[in-house]
Amino acid sequence: MAQHKVNYTQDGGLPVALTSIDKIVNWGRSNSIWALTYGLACCGIEMMASGASRFDFDRYGTIFRASPRQADVMIVAGTLTKKHAEFIKRLYDQMTEPRWVISMGSCANTGGMFNTYATVQGCDRVIPVDLYLPGCAPRPETLQYGVMLLQKKIRANKAGNAQKPKRLM
Amino acid sequence: MRAYTPKDDVQAKSYYTDRYYVAPQVPKQEVETDEAFAADLAALKEKFEVKEAFIQMKQMIVYINANDIYGVLEFLRDELTYTQLSEMSAIDWLAKDNTFEIFYQMLSMTKRKRLRIKFFINNGDAVDSVEKLFRCADWSEREMFDMFGIEANNHPFMKRILLPYDWQGNPLLKTYPLEGDEFAAWYEVDKIYGKEARDVIGPEIRDTARVDRYDSERFARLGFEVPKGTEITGNEEPNNQDYQEEGGVFLIKKFTKESSKIIDDPQR
Ligand code: SF4
């Protein structure tokens, strides 16, 4: 044994980190949650603020994409009208698995103050939702916290195809 | 047997009404009190039949025959300088005498006057489109069709404007409930998943104050969250949600309150 033995697996001896496939895949997934730009009403303004420099979503790897095919999470920010319901379903179907949905604000959660004929009473009537953010509108901090909770949720998943695809029915 | 309640006005009403309340009326003035309006009305009367005319809130209101509307608006625009159609729509008087009242709000920029042309049509009748005179009437007439079901003759594209094309019902009618009829309540479910899905998805919850702590499908108790669908016993363990797991995350530093710096200076 050499006197000055290097413990290669510790203290930065080698650029090696030991982990499991699940962890590394989930690390990648949870830190590159690309969000579909989905501002439907006033909540969309708060979503934009979260993406802009003051709150800076890029730090989380959350970058807004204009196409559902490149997005991992759909942030439903605003009032979902009945006319629009079929389109949200169509866009959700275009997203690739694994996909998540954050329902942002009272309107997306429950219809909010719009207790009328034209508003869908909660977007979970149309698509499965992972996270509900309360507020009218939620502050950008709430959305940041929501994204961090979503990261935690993603890390708890298995990486393989064993994940059950989410379906409303 | 329960007493029959008329269904001609199903809008929600305030639960308290003053028995001695008399709705205030805006006072009406003679048209002769305003020179410009009097001249306009005289010119209008030469060509068209005027049923009634008066001034309210410094605006002249003129009732005409339904068939004259195109001619009247053309005359107002070309001869009397009422070059702008600010707004037009209908008022539902179906419960009273089965008619709609249609109004056209006009503005003259040179005279600085506003006047309102009005007429009545029976339920089911169509109005003449004024889209050829004022482009803005295009969408207004479509909206009137959408909201009241009143069609406009000679309109280039007589379709719904706000609601989807396959919608049933006209929401601004007083017979239309605010929260929607059966068709509206199931619209998105029927359209996307089909009628069979009604049982699975369930009816809308319209009670905005509803909270049920034993329903873990729809509600979560803050700090005591359980997985969706769990039976709630009331002895749930506190379940404080943190944004990161206790053990830490690969390559990500955990933020702790102790290591944070609180910035007190608001002018930073
Ligand atoms: S929850 Fe409030 S802020 Fe958000 S879309 Fe609805 S009304 Fe607007």
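Strand E2 (residues 59-64) of chain B pairs with strand E5 (residues 113-122) of chain B in the parallel sense, over four bridges, where helices (H or I, at least four residues) and strands (E, at least two) are DSSP runs numbered from the N terminus, and two strands pair if DSSP finds at least two bridges between them. Within this pairing, B:Tyr63 has B:Lys118 in E5(B) as its bridge partner. This is a predicted model, in which local features need pLDDT of at least 70 and side-chain atom pairs count only at pLDDT 80 or more, while totals for chains, interfaces and linings use all residues. Residues are numbered from 1 along each chain as its sequence is written, chains are lettered from A and ligands numbered from 1 in the order in which they are written, and side-chain values use heavy atoms, with hydrogens and water left out.

The two strands belong to an open sheet of five strands in chain B, with the order E1-E2-E5-E4-E3 and mixed pairing. Its edge strands, each pairing on one side only, are strand E1 (50-56) and strand E3 (84-93) of chain B, and the twist from one strand to the next averages 20°, with axes taken as lines fitted to C-alpha atoms, for helices over the stretch in contact, and angles running from 0 to 180 degrees between N-to-C directions. Helix H2 (residues 69-78) of chain B packs on this sheet and touches E2, strand E4 (99-108) and E5 of chain B, its direction making about 175° with that of E5(B); contact here means heavy atoms within 4.5 Å. Helix H4 (residues 137-148) of chain B also packs on the sheet, touching E3 and E4 of chain B, with a direction at about 10° to that of E3(B).

Most residues other than glycine have a negative phi, and most peptide bonds are trans. Two further residues of chain B share this topic: B:Asn98, not a glycine, has a positive phi of about 60° and lies in the loop between helix H3 (94-97) and E4 of chain B, whereas B:Arg112, with phi near 55°, lies in the loop between E4 and E5 of chain B. B:Asn98 is partly exposed at 41% relative accessibility, and B:Arg112 is exposed at 75%, the classes being buried under 20% relative accessible area, exposed over 50% and partly exposed in between (1.4 Å probe, protein chains only).

Chain A has five helices and five strands, which run α-β-α-β-β-α-β-α-β-α from the N terminus on, and 43% of its 169 residues count as buried. Its strands form an open sheet with the order E2-E1-E3-E4-E5 and parallel pairing, with strand E2 (64-65) and strand E5 (131-133) of chain A at the edges. Strand E3 (residues 73-77) and strand E4 (residues 100-104) of chain A run parallel and are joined by five bridges, and A:Met74 stands opposite A:Val101 in E4(A). Helix H2 (residues 43-51) of chain A packs on the sheet, touching E2, E3 and E4 of chain A, and its direction makes about 135° with that of E3(A).

Cis peptide bonds are found at two places in chain A. One joins A:Glu97 and A:Pro98, with omega about -5°, and A:Pro98 lies in the loop between helix H3 (85-94) and E4 of chain A; the other runs from A:Cys136 to A:Ala137, with omega near -10°, and A:Ala137 is in the loop between E5 and helix H5 (140-155) of chain A.

The two chains meet through 39 residues of chain B in contact with 27 residues of chain A. Together they bury about 2,900 Å², 60% of it on carbon and sulfur atoms, where buried area is the accessible area (1.4 Å probe) that two parts lose on being put together, summed over both. In chain B, the residues that lose the most area to chain A are B:Tyr193, B:Tyr243 and B:Phe250, together 22% of what that side buries. A:Thr119, in the loop between helix H4 (105-110) and E5 of chain A, has contacts in both chains, including A:Phe114, B:Glu204 and B:Arg206, and is buried, with a relative accessible area of 4%.

Technical notes: Lists of a residue's contacts leave out its neighbours within four places in sequence.
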